[in-house]
Amino acid sequence: MGSQGIQIPGSFEVPDIPSGVDILRKLPYAFIIPELIFGGWVWILVAATRVFMPVNQGWVMYVSVSSFVFSFILLMVYLFGFHKNNCATWRIVDVIYHGITAIFYLSAAVLQANATIVYEKQHLPWQPVIYHLDAAASIFAFITTLLYVLHSFQSYVH
């Protein structure tokens, strides 16, 4: 009787990462535009509030701005096809970058939610506009975290 175990192929092909406009039509790369949009909203909303917890909201700003810039650079790499020479390496970069960014964004979302709660409980005079901006930034930060997690997971599975 022959071996009944799992057969491992001698070689396998890594599917190509699309380039150009096709990048916007295939998962997980289609998540990049929503990541940029929601991450940009986090950046804008935190910048529009009065910073009363500089450490917490400073980390939120750092994560949102740096993630926006690096995701935009990665989008440009994919759009212009700079990744075509070595797709396997770019797949690893994509998984690692989005995984680390998901962890950073989760920490930023929790800190922003904490800043919102502390503002509601301790800040006098209480201004509803600032509270609503902080709450919206928290919601968008959690949505952006979900997008980065989905992108990383889809890249890993793919």
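**Figure 1. Contacts across the chain of this predicted model.** Of the contacts (heavy atoms within 4.5 Å) between residues at least 6 apart in sequence, 77% join residues at least 24 apart. The protein has four helices and zero strands, and its elements run α-α-α-α from the N terminus on. Helices (H or I, at least four residues) and strands (E, at least two) are DSSP runs, numbered from the N terminus. The model is predicted, with local features needing pLDDT of at least 70 and side-chain atom pairs counting only at pLDDT 80 or more, while totals for chains, interfaces and linings use all residues. Residues are numbered from 1 along each chain as its sequence is written, and side-chain values use heavy atoms, with hydrogens and water left out.

**Figure 2. Burial and surface of the whole protein.** Of its 158 residues, 37% count as buried. Here buried means under 20% relative accessible area, exposed over 50%, and partly exposed in between (1.4 Å probe, protein chains only). The protein exposes about 9300 Å², and carbon and sulfur atoms supply 72% of that area. Accessible areas come from the Shrake-Rupley method with a 1.4 Å probe; for residues, only the protein chains shown count as cover.

Figure 3. Let us start with the helix itself. Helix 1 covers residues 32–48, 17 residues in all, and reaches 24 Å from its first C-alpha to its last, close to the expected 24 Å. That expected span is 1.5 Å times one less than the number of residues. Among the buried residues of helix 1 are Ile32, Leu36, Gly39 and Gly40. Ile37 also lies in helix 1, but counts as partly exposed because its relative accessibility is 47%. Together with Val21, Leu24, Ile33, Trp41 and Ile44, Ile37 forms a nonpolar patch on the surface with about 540 Å² of accessible area.

**Figure 4. Ser66 within helix 2.** The 27 residues of helix 2 should span 39 Å at 1.5 Å a residue, so the 38 Å between its end C-alpha atoms agrees. Ser66 sits in this helix, at residues 54–80, and counts as buried because its relative accessibility is 17%. A polar atom of the Ser66 side chain lies 3.4 Å from the backbone oxygen of Val63. Buried residues of helix 2 include Val63, Ser64, Ser66 and Ser67. Just after helix 2, Gly81 takes a positive phi of about 75 degrees.

Figure 5. Tyr119 is found in helix 3, residues 87–122, and counts as buried because its relative accessibility is 1%. Leaving aside neighbours within four places in sequence, Tyr119 is in contact with Phe52, Pro125, Trp126, Gln127, Ile130, Tyr131 and Asp134. Tyr119 and Tyr131 are 12 residues apart in sequence and 7.0 Å apart in space, C-alpha to C-alpha. Thr116 has its place in helix 3 too, and is buried, with a relative accessible area of 6%. With neighbours within four places set aside, Thr116 is in contact with Tyr131, Asp134, Ala135 and Ser138.

**Figure 6. Helix 4 from end to end.** Helix 4 (residues 128–157) has 30 residues and reaches 43 Å from its first C-alpha to its last, close to the 44 Å expected. Its buried residues include Ile130, Asp134 and Ser138.

Note on methods:
Patches are made of residues with over 30% relative accessible area and no salt bridge: like charges are joined within 9 Å, nonpolar side chains (Val, Leu, Ile, Met, Phe, Trp, Tyr) within 5 Å. A salt bridge is a side-chain nitrogen of Lys or Arg within 4 Å of a carboxyl oxygen of Asp or Glu. A polar contact is a pair of N or O atoms within 3.5 Å; within protein, one must be able to donate a hydrogen and the other to accept it, and residues adjacent in sequence count only if both atoms are side-chain atoms.
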